[in-house]
Amino acid sequence: MADDDIRGTARGSSEVPLSILELATVGAGVTPTETLAASTELARRAEEWGYHRIWVAEHHGMPSVASSSPAVLIAHLAAATRSIRLGSGGVMLPNHAPLVIAEQFGTLQALHPGRIDLGLGRAPGTDPATARALRGRHGLDADDFPEQLAELTAFLDGAFPPGHPLERVVAVPRSESGRPPIWLLGSSGFSAQLAGMLGLPFAFAHHFSGNNTIPALELYRSSFEPSAVLDRPYAMIGVSAVAADSPERALRLARSGGLSMLRLRRGAPQPIPTPEEAENHPYSPIERDFLDDYLSKLVLGDAAGVRQGLEDLRKRTEADELMITTMVHDSADRIRSYELIAEAYDLTRGH
């Protein structure tokens, strides 16, 4: 597998490739149909602007997120675009039989050769009750992640060792262009170390585990063993950012995501509230502290300010790629945020 299947090309004035994590966020008063139509429009425009890839993430039981079926959404977005890479950020491996994932992503790779990424996580992406419903009565366990990963890789490669119980089981279809690149995703050291030991690319969830970013990346790089996939480490980080035409507007838009996360933490998830609702919510002192902490971890501002924040983060982490995610109420504001960032980096130059 060539490095080019993994390593992106920096465009414009950016030092590293810029990509998008699309959660298909559902705002209050907005239907899932409208949300997914906006995701499709974002994919088309992101391709025009010069973003390298778009990933969608598996979440369940969250009224604010419509990306519960990554393979289905990836297929739709890939059919609506021509060249941008599409992938999962990620598929939660313990929720699914490895053969099912191999068949889904083998199909995607056959439909869109050379454009598909398979990012894998080990968290459930939901609450315990929903995870049990997903995994069935007998269930799968996140502690078995390395074994599940090995089984999935063997299905994708069509290469179980002789004598393996699944040696005669074949994942169909398998694209003649080879399997999609496998990425490991994480918010702690477990997947970082495993990705390094296996010589795989690694994506860290800085957007919700910022305190662990640098230790995890250091562990990944120090654990890295060259493989047939990569000869040197390749680390991407997820970053929450909101760009608007003024810093004040960016802050106002970002509060909606903060209130949404507060409700999720309280066990009462809802669609993302409007800026007006977030502004007028009667926050308790504890809730206000939560919101302030949430906002402090975002890259916020006008286009120039967000670019500076992203550059500071890139230099601090030495990330090889930045994957930006934006959680606001209105899809038009979300798309505009990505457009402003693309303009700040002049991504269309050379694209």
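**Helix packing and backbone details in a predicted model**

Ala 38, Ser 39, Glu 41, Leu 42, Arg 45 and Trp 49 in helix 1 are in contact with Ser 331, Arg 334, Ile 335, Tyr 338, Glu 339 and Ala 342 in helix 12, where contact means heavy atoms within 4.5 Å. The residues of this contact divide into six nonpolar, two polar and four charged. Here Ala, Val, Leu, Ile, Met, Phe, Trp, Tyr, Cys and Pro count as nonpolar, Asp, Glu, Lys and Arg as charged, and the others, Gly among them, as polar. The structure is a predicted model, in which local features need pLDDT of at least 70 and side-chain atom pairs count only at pLDDT 80 or more, while totals for chains, interfaces and linings use all residues. Residues are numbered from 1 along each chain as its sequence is written, and side-chain values use heavy atoms, with hydrogens and water left out.

The axes of helix 1 and helix 12 (residues 331-345) come within 11 Å and cross at roughly 10 degrees. Axes are lines fitted to C-alpha atoms, for helices over the stretch in contact, and angles run from 0 to 180 degrees between N-to-C directions. Helix 1 and helix 12 are therefore roughly parallel to each other. Angles under 35 degrees count as roughly parallel, over 145 as roughly antiparallel, 65 to 115 as roughly perpendicular and the rest as oblique.

Helix 1 (residues 32-49) also meets helix 2 (residues 70-79); their axes come within 9 Å and cross at roughly 50 degrees. These two helices are therefore oblique to each other. On the side of helix 1, the contact involves Leu 36, Ser 39, Thr 40 and Ala 43, and on the side of helix 2, Leu 73, His 76 and Leu 77. Four of these residues are nonpolar, three are polar and none is charged.

Now consider the whole chain. Its secondary structure comes to twelve helices and nine strands. Helices (H or I, at least four residues) and strands (E, at least two) are DSSP runs, numbered from the N terminus. For 351 residues, a compact globule would have a radius of gyration near 20 Å, and the chain agrees because its value is 20 Å. This radius is taken over C-alpha atoms, and the globule rule is 2.2 Å times the number of residues to the power 0.38. Among contacts between residues at least 6 apart in sequence, 75% join residues at least 24 apart.

Of the 351 residues, 52% count as buried. Buried means under 20% relative accessible area, exposed over 50%, and partly exposed in between (1.4 Å probe, protein chains only). Phe 202, in strand 6 (residues 202-204), has 0% relative accessibility and so counts as buried.

Some backbone details remain. Most residues other than glycine have a negative phi, and most peptide bonds are trans. A cis peptide bond joins Gly 89 and Gly 90, with omega about 5 degrees; Gly 90 lies in strand 3 (residues 85-92). Another cis peptide bond joins Val 172 and Pro 173, with omega about 0 degrees. Pro 173 is in the loop between helix 5 (145-157) and strand 5 (182-186).

Glu 318 has a positive phi, near 55 degrees. This residue sits in the loop between helix 11 (303-317) and strand 9 (321-325), and is exposed, with a relative accessible area of 56%. Asp 346, in the segment after helix 12, has a positive phi of about 50 degrees. Asp 346 is partly exposed, at 32% relative accessible area.
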